[in-house]
Amino acid sequence: MRNISTPALAIRGGALSYGTTTALTDIDITVMPGEAMALIGPNGSGKSTLLKGVLGLIPLVEGTMTFGESAGADTGIGYLPQTEHIDPEFPVSLKQVVMMGRYRKLGLFTFPGKADRHAVKKAIADVGLTNVANKRFGSLSGGQQQRGFLARALASEPGLLLLDEPFNGLDQPNRDALLQTIRELKAAGVGIIVTTHDLDLAREVCDTVLFVNGRQIAFGPKDDVLTLANLQEVFSDFQVEIDEHTVVVPGHEGH
Amino acid sequence: MNFLDALTTAFALPFMGRALIVMLVLSVAAGVIGVFINLRGLEFLSDGLTHAVFPGLAAGFVLSGHNGVLIGALIAAAAATIVLTLMSNNKVASDATTAIVLTAMFSIGVIIVSASSGRAGGLEQLLFGHLLTVTDTEAITTVVVSLIALVLVLLTFRRQVFRAFDSVASAAAGYRRVVTELVLNVAIALVIVAASNAVGNLLVLAVLIVPGALSRLVSNRLGGLFVVAISAGLLASWIGLAAGFSISVNGGVDVPGGATVALTFIALYAIALIVRVIRKGANA
């Protein structure tokens, strides 16, 4: 059982920068196991910066960042990239890509065993790609590649999972399937951070919301934070249209 | 002795047998590492390291002859690897600055050797190797250095594959990028040092880069790449050495073994390329 009393991720007074340019400040967040946090902000607001910071790709210049025992730099974080610039000719099959999610669990001298092969098979089945498991990864369609990367993240059985715009370009069946996957992961105690432009989606599967625009604008339970005042502050440069159910930020893909 | 006889009987001669063993071990190490060079697109860095090692070879040779070459090369390789890895990690190096620094290193090496009059033929041996006249000590050190390079890559095999395919996700999985890159660069440098000793500094790239490039032409599967690259290396070593021997004996000319081995590598690559073009044409 995962320890559910310690946060999967906690950042206190965090600031991140690229070289000398400060990109994001005042980050104070907690992601508990089994909780999903929506990360929302306009383009260039620091969403990717925060994800990179959590992944350890850019350093925290201020504040502290702590991980739960089942997540963090030593055990690995599940990560679903937005658009991956992979070499389409790279000679690996989908199955081999998903097995990469298991690498950290393998010892230096141990080969993948039954449990690893089973986890890979299950992850591929979960994203509905069993029939192309042995195909070269680069030969798959964009949507299939994205689901393949999701399978890799699932196979790693992460304590913390980062999803960068996972709903972009998904059709309705795939969108529903991904929502269901997120619900199952939450039930299994995984802490999740998902960046999205889709506020409906944030309401649907997320528990907390973090608004950023160069700094933290607001963080808290979604019902407290998803307010018109916060939206206006975050998207001050954008025209926000609100109808009965959806809020669409022009210039981005809405649903 | 004709070429077909040379393929078998020539290796009974001690100096030919020694050359073959050196080349076979080198081919296995260079085959595995060459595949990663190809997958990561590190051909230019490998070329740079080859140049950077040269002043080390030269200084070692001038100071204490053939036995000094290895030490000198290792010191130069260590320095160059660390500098290049850090530079590429911090993105301060453009291809142009790398090229300038490394050409400078190569020039310094040439001047060092040329300035020492006591070592006749030294420059030629450093550039083209002396595969057929390696001593037992040189053969053993070359084999040992190759094996160390091979073990380094085998121990980090999974993270090397992960890094080559998807650098961000490999970092997310908890593999520190600078460690992965440093290990591979050190392994490349070690193979360059070993190969410089055998086939000479100018021909190193044939041994290091051609098998990996060739394997991409032949195989679409990760495992297949390594099998093809190693096999190509073994085959080219055998045929190349026999060809060099046969030409030298029959033609009465002194052909460096490294050159015929390098040319055999290129010939195998050309064959693979032609076969691929024909197969693609047949499929279209």
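A crossing is right-handed if the near helix is turned clockwise from the far one by less than a right angle. I wrote that down before looking at the helix pairs of chain B. The model I am reading is predicted.

**Entry 1: H3 and H11**

I took H3(B) and H11(B) and found their crossing to be right-handed. H3 covers residues 43–64 of chain B, and H11 covers residues 204–218. I looked up an angle of about 160° between them, with the axes 11 Å apart. Angles over 145 degrees count as roughly antiparallel. H3(B) and H11(B) are therefore roughly antiparallel to each other.

Next I listed who touches whom. H3(B) brings Glu43(B), Ser46(B), Asp47(B) and Thr50(B). H11(B) answers with Val204(B), Leu205(B), Leu208(B) and Ile209(B). By class I have 4 nonpolar, 2 polar and 2 charged residues in the contact of H3(B) with H11(B).

**Entry 2: H2 and H7**

I moved on to H2 (residues 14–40) and H7 (residues 136–155) of chain B. Their axes lie 9 Å apart, at an angle of about 20°. The cut-off for roughly parallel is under 35 degrees. H2(B) and H7(B) are therefore roughly parallel to each other. I noted their crossing as left-handed.

The H2(B) side of the contact includes Arg18(B), Val22(B), Val32(B), Ile33(B) and Phe36(B). On H7(B), I picked out Asp136(B), Thr142(B), Ser146(B), Leu150(B) and Val153(B), among others. The contact of H2(B) with H7(B) divides into 14 nonpolar, 2 polar and 2 charged residues.

**Entry 3: Ser146**

Is Ser146(B) buried or exposed? I checked, and its relative accessible area is 1%. Buried means under 20%, so Ser146(B) counts as buried.

Ser146(B) sits in helix H7 of chain B. I left aside its neighbours within four places in sequence and looked for its contacts. Ser146(B) touches Val25(B), Leu26(B), Ala29(B) and Ala194(B). Val25(B), Leu26(B) and Ala29(B) are listed in the H2(B) side of the helix contact.

**Entry 4: the whole chain**

I stepped back to chain B as a whole. I found 13 helices and 0 strands. The C-alpha trace spans about 60 × 55 × 30 Å along its principal axes.

What radius of gyration would a compact globule of 284 residues have? The rule gives a value near 19 Å, and chain B has 19 Å, which agrees. Of the 284 residues, 54% count as buried.

Last, I looked at contacts between residues at least 6 apart in sequence. Of these, 80% join residues at least 24 apart in chain B.

Conventions: Residues numbered from 1 in each chain as written. Chains lettered and ligands numbered in written order. Predicted model: local features only at pLDDT ≥ 70, side-chain atom pairs only at ≥ 80, totals over all residues. Heavy atoms only, no water. Axes fitted to C-alpha atoms, helices over the stretch in contact; angles between N-to-C directions. Helix = DSSP H or I, 4+ residues; strand = E, 2+ residues; numbered from the N terminus. Parallel < 35°, antiparallel > 145°, perpendicular 65-115°, else oblique. Contact = heavy atoms within 4.5 Å. Nonpolar A, V, L, I, M, F, W, Y, C, P; charged D, E, K, R; others polar. Buried < 20%, exposed > 50% of the residue type's maximum accessible area, 1.4 Å probe, protein only. Rg over C-alpha atoms; globule rule 2.2 N^0.38 Å.
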